[in-house]
Amino acid sequence: MRAKRTSLVHLIYFSRLNLSSDPQLRANQLGDITRQAQKKNEFSVITSFLIIEQNFAAQVIEGERTSIHETFNRIAEDQRHRDVQICEWREIAKREFVHSFKTGMRNTATEALFNKANLLPTLQRGTPKAAAIHTLAVSLQADAMSKQGIDHLFI
């Protein structure tokens, strides 16, 4: 028997970021990305997790097929991204992420998770695996939730 088709999909992509090297300006640019993406994702009923690693972005986005397609096209045309490449696009049975837009960056609190994922060398080569991006995003979300006292997600 064939599995039932669903219109719920997730897309995993990565890109190089065109952001300032000045720390304050870069923080402002990332803040702009966050605000804009959150509004658009909420409107389109999209959940996502964006990973920032040096000058690279990797993101898992989930939602209805049409919304994901439109969102990805907008990202691919955004001048703050270049060399945007899809790692995975597939149907999913349910969402794994709870926020319309959440970001994870390497810092002292997340250093161990980033080190375990070892994503940077593959981003630099342009060969990251969807599974590595997905695993890091799920781990960063779980870590953030546990720090808020949430130990299980009911999605």
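Helices here are DSSP runs of H or I with at least four residues, strands are runs of E with at least two, and both are numbered from the N terminus. By that rule, the protein chain has five helices and five strands. Their order along the sequence is β-α-β-β-α-β-β-α-α-α.

A word on the source. This is a predicted model, where local features need pLDDT of at least 70, side-chain atom pairs count only at pLDDT 80 or more, and totals for chains, interfaces and linings use all residues. Residues are numbered from 1 along each chain as its sequence is written, and side-chain values use heavy atoms, leaving out hydrogens and water.

Now the whole chain. The C-alpha trace spans about 55 × 35 × 30 Å along its principal axes. Buried residues (under 20% relative accessible area, 1.4 Å probe, protein chains only; exposed is over 50%, partly exposed in between) make up 40% of the 155 residues. Take contacts, meaning heavy atoms within 4.5 Å. Among those between residues at least 6 apart in sequence, 79% join residues at least 24 apart.

Next, helix H2, residues 65–77. Its 13 residues should span 18 Å at 1.5 Å a residue, and its end C-alpha atoms are 19 Å apart, which agrees. The expected span is 1.5 Å times one less than the number of residues.

Which residues of H2 are buried? Ser67, Ile68, Thr71, Phe72 and Ile75. They cover an arc of only 125° around the axis, so they sit on the same side of H2. That arc is taken over directions from the helix axis to the C-beta atoms. On the other side, Thr66 and Glu77 are exposed.

What do the buried residues of H2 pack against? Strand E1 (8–17), helix H1 (23–44), strand E3 (56–64) and strand E4 (81–91).
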